[in-house]
Amino acid sequence: MSFFKKIFSSEKKETLDKGLEKTKATFFGKLSKAVAGKSKVDDEVLDNLEEILVSSDVGVNTTLKIIERIEARVSKDKYLGTDELNVILREEIAGLLSETNTGNESEFTISQDKKPYVIMVVGVNGVGKTTTIGKLAFQFKKQGLNVVLGAADTFRAAAIDQLQVWADRVGVPLVKQSMGSDPASVAFDTLKSAVTQNADVVIIDTAGRLHNKVNLMNELTKVKRVMQKVVDNTPNDVLLVLDGSTGQNAFEQAKQFTAATEVTSLAVTKLDGTAKGGVVIGISDQFKIPVKYIGVGEGIEDLQVFNKFEFVDSFFK
């Protein structure tokens with residue numbers, strides 16, 4: 001189909017292909033069993049396919065949409081062989097994702113007319129939030145942009161220390177205070193410092209607690225309000241980081257955080273170590289929030305801009 005054209009460099013595409021290997025192996029292993037001994041796509045094959053998609057963490061709602069599309073193809077074409085199912089699935093998932101006006105980028109970009117461009121990063125502890133911030137800082141610095149980090153997750157000393165390690169590794173300044181400091185105060189200092197340094201990009205970490213949605217909402221609202229005292233209309237992006245290896249739990253975290261604060265983009269991490277990569281398809285379809293980045297490896301270059309067509313192409317390669 002015309003959806004699929006070369007977008008990424010061959011090196012990035014290889015990393016993406018490799019990162020999705022576990023998901024592909026599990027998915028296609030199940031698919032092979034589902035169509036074994038069958039020559040055409042019938043109700044039994046569709047029932048099995050539905051089960052496979054749900055168990056691959058694509059999500060129930062997105063799965064039903066995909067099945068409906070394939071049923072429409074079966075009804076229109078009258079006869080579809082099981083050997084065509086792979087191609088049809090690839091086309092219908094790409095078609096479904098093409099209806100969302102996101103996932104079209106292939107490079108790390110920010111709005112040039114907002115300076116500094118402020119990204120506030122949210123997400124529960126352990127999802128790869130700090131690592132994502134470090135890798136983002138690396139990508140923006142590589143483009144020649146002046147980057148400043150802010151350690152506003154003051155709830156855990158480890159969060160501040162980890163961010164310092166990344167700041168040193170990438171070679172960018174980190175604004176921090178001691179553990180237990182007011183996160184809004186750290187955000188305020190970070191933006192003040194960024195303005196003084198004529199920074200292009202500011203990335204601010206926030207606490208990863210979700211035990212009390214009201215407290216989280218109040219804290220993030222306060223951080224935003226204080227930032228706006230320094231730079232109007234900030235943050236420009238509220239990035240929610242989700243751990244792809246948790247499958248349906250990632251959906252639940254997305255629901256919780258979007259209820260607690262306005263989230264404008266998503267990063268789905270740890271896809272290389274899991275068979276649950278289908279979660280990206282479901283999250284991309286279900287939440288009206290763009291999946292902006294995906295983590296497909298541990299290397300500093302292994303955070304990628306999410307491109308839905310490259311993703312589907314790798315998934316079905």
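Biologist: Why is Asp285 called buried in this predicted model?

Modeller: Its relative accessible area is 3%, and buried means under 20%. The value falls under that cut-off, so Asp285 counts as buried.

Biologist: What does Asp285 touch, leaving out residues up to four places away in sequence?

Modeller: Its contacts are Thr62, Lys65, Leu96 and Leu97.

Biologist: What makes the meeting of Asp285 and Thr62 a polar contact?

Modeller: Their side chains are joined at 2.7 Å, and a polar contact needs a pair of N or O atoms within 3.5 Å. The side chain of Asp285 also makes a polar contact with the side chain of Lys65, at 3.0 Å.

Biologist: Gln286 comes up as well, so how does its contact with Asp285 qualify?

Modeller: Good one to ask! The contact is 3.0 Å and runs from side chain to side chain. Residues adjacent in sequence count only if both atoms are side-chain atoms, so this pair qualifies.

Biologist: Let's turn to the rings. How many aromatic pairs are there?

Modeller: The count comes to eleven aromatic pairs. One of them is made by Phe28 and Phe316.

Biologist: Why is the pair of Phe28 and Phe316 called edge-to-face?

Modeller: The ring centres are 5.6 Å apart, and the limit for pairing is within 6.5 Å. The planes stand at 75 degrees, while over 60 counts as edge-to-face.

Biologist: What does the pair of Phe28 and Phe316 tie together?

Modeller: Phe28 lies in helix H2 (residues 21-35), and Phe316 lies in the segment after helix H12 (308-315). The pair therefore ties together parts that are 288 residues apart in sequence.

Biologist: How do you know whether Phe28 is buried or exposed?

Modeller: Phe28 has a relative accessible area of 18%. Buried means under 20%, so Phe28 is buried. Phe316, at 6% relative accessibility, counts as buried by that cut-off too.

Biologist: Which residues do ring pairs link into a cluster?

Modeller: The cluster is made of Phe27, Phe28, Phe306, Phe311, Phe315 and Phe316.

Biologist: Now for the surface. Why does Val54 count as partly exposed?

Modeller: Val54 has 34% relative accessibility.

Biologist: What about Lys270?

Modeller: Phi of Lys270 is near 60 degrees, also a positive value in a residue other than glycine. Lys270 sits in the loop between strand E6 (265-269) and H11, and is partly exposed, with a relative accessible area of 34%.

Biologist: Which peptide bonds here are described as cis?

Modeller: The bond from Lys115 to Pro116 is cis, with omega near -5 degrees. A cis peptide bond also joins Thr234 and Pro235, where omega is about 0 degrees.

Terms used: Residues are numbered from 1 along each chain as its sequence is written. This is a predicted model: local features need pLDDT of at least 70, side-chain atom pairs count only at pLDDT 80 or more; totals for chains, interfaces and linings use all residues. Side-chain values use heavy atoms; hydrogens and water are left out. Buried means under 20% relative accessible area, exposed over 50%, partly exposed in between (1.4 Å probe, protein chains only). Contact means heavy atoms within 4.5 Å. A polar contact is a pair of N or O atoms within 3.5 Å; within protein, one must be able to donate a hydrogen and the other to accept it, and residues adjacent in sequence count only if both atoms are side-chain atoms. Rings of Phe, Tyr and Trp (its six-membered ring) pair if their centres lie within 6.5 Å; planes under 30 degrees apart count as stacked, over 60 as edge-to-face and the rest as tilted. Helices (H or I, at least four residues) and strands (E, at least two) are DSSP runs, numbered from the N terminus.
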